[in-house]
Amino acid sequence: MELLDKYIGKIKKDYIAKLDVEEKPIEALFDLGEVREKPLLLPSPSEPELMRHFVKLSEENYHIDKGMYPLGSCTMKYNPKVCEDIARLPGFIGIHPEAPESQIQGALQLMYELGEFLKEISGLDAITLQPEAGAHGELTGLLITRAYFKSRNEDRKIVLVPDTAHGTNPASSSRAGFVVEKIKSNLDGILEPDSIREAMSEDVAVLMITNPNTLGIFETHIAELAEILHSYGALLYMDGANLNALMGKARSGDFGVDIMHFNLHKTFSTPHGGGGPGSGPVAVCSKLSSFLPVPIIDFDGEKYYFNRDLQNSIGRVSAFYGAFSVMVKAYVYIRLLGGEGLEEVTEQAVINSNYLLTKLKEVYNLPYGKNCMHEFVLSGSDFKEFGIRTLDIAKRLLDYGYHAPTVYFPLIVPEALMIEPTETESKESLDGFIEAMINISNEAKKYPDKVKHAPSNTPVGRLDEVKVNRELNVRW
Ligand SMILES: *Cc1c(COP(=O)(O)O)cnc(C)c1O
């Protein structure tokens, strides 16, 4: 018993955060008079009835095993089933979060090696796997930025954010206590070095850039932008959500990035959506490594361990060590494909996207870029004269059996319609999508009512967007 008490004491000391509210007995929290006396009457269907129920629900839903997602990696690219199978192995799902390091060497090794892979993919020097989403990674990166300047007794307030940025970039900046300054992209849809030069001062902490940006265009001046920032002592942050267009081809560390987050759930195979699950590791250059959240995972040549000894750490950003099952899937995905395989993913994603772009720009307006990386953004503004908006086109796509693409983002494209086919779609499936898009453009001109009232082949028709958000009907 004594040994056990000692052990529990150690766990409490090392792993469990101290209680910072008043300790209360459970009776004080619940009115025991409210506890149900008779068992709840739950339906008890037979096995076939139950199966039919769930199969029916799955048929009414849209999923990657049913068809293509026109905004791929961001929403849902194909996630190999083997990643799921391995993440579900008892040895992984049975780990207690407070198990001692000696009993979880395999899990620690997996996380350590995943970190090493991501460092190699990004060309950066140190990493934390703790953040649990891309936006959480952004916040972590910005807190690191703040701590870095504080350690230098500098009080830099400004984060530069291009007008193509994802909404989470300015939101995370404000959350971390910075002031956001928006930078306009040029007519080619990328940042001009002169716009950054003009915006620079000793007050600028960091530029947050997505590369390729959300228009699907590579920021060709990225190395020069990094030089300008560094000459003022500022940092360059890269939002890595679009890594599906870079993996194995270009490394952010090589073009001057100091901090970058990954969206493991987007690039490295985790089905996500509706709020989770995600993982947003953050890699940094060597001068920022001591600011990472503790603990990081280290290897001393014999065993893997949680290293809590980081001089300038911003502290924990996650309970325990983040979204472990997402890390397992990312690890399996990377090991499965290897370096060459990841490079092929990038190539195929970019080829597929350019094939769609070439065919669709004949029928839809393409405001930026002649070609693209892994995605591109069309505008539905040409259909306004027929009373049709991009939202109508997206809804009509549902009738053709496709998931709706992302619409009205990025904000610099009016009536934006964003398309990213991803690497796994065959030419046949891309041709099917092209045909649907061409049909819809013809319908929009000839039978606009059909498009305006779409969808009509889905379990529910056109919904009132405000009402569905305010009066969620989960019983339907
Ligand atoms: C998805 C995305 C984010 C946010 O990532 P989450 O994992 O959803 O929090 C940030 N930036 C860009 C460009 C994205 O596509």
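This is a predicted model: local features need pLDDT of at least 70, side-chain atom pairs count only at pLDDT 80 or more; totals for chains, interfaces and linings use all residues.

Tutor: Residues are numbered from 1 along each chain as its sequence is written, and side-chain values use heavy atoms, with hydrogens and water left out.

Student: Why is threonine 267 called buried?

Tutor: Buried means under 20% relative accessible area, exposed over 50%, and partly exposed in between, with a 1.4 Å probe and protein chains only. Threonine 267 has a relative accessible area of 1%, so it is buried.

Student: Which residues does threonine 267 touch?

Tutor: Leaving aside residues up to four places away in sequence, its contacts are Lys77, Ala241, Leu243, Asn244, Met247 and Tyr333. Contact means heavy atoms within 4.5 Å.

Student: What makes β1 and β3 edge strands?

Tutor: Two strands pair if DSSP finds at least two bridges between them. Strands are DSSP runs of E with at least two residues, and helices are runs of H or I with at least four, numbered from the N terminus. The open sheet has the order β1-β7-β6-β5-β4-β2-β3. β1 (126-128) and β3 (179-183) each pair on one side only.

Student: How do you know that β5 and β6 pair?

Tutor: The requirement is at least two bridges. Strands β5 (residues 235-239) and β6 (residues 259-261) have three bridges, in the parallel sense. Methionine 238 stands opposite methionine 260 in β6.
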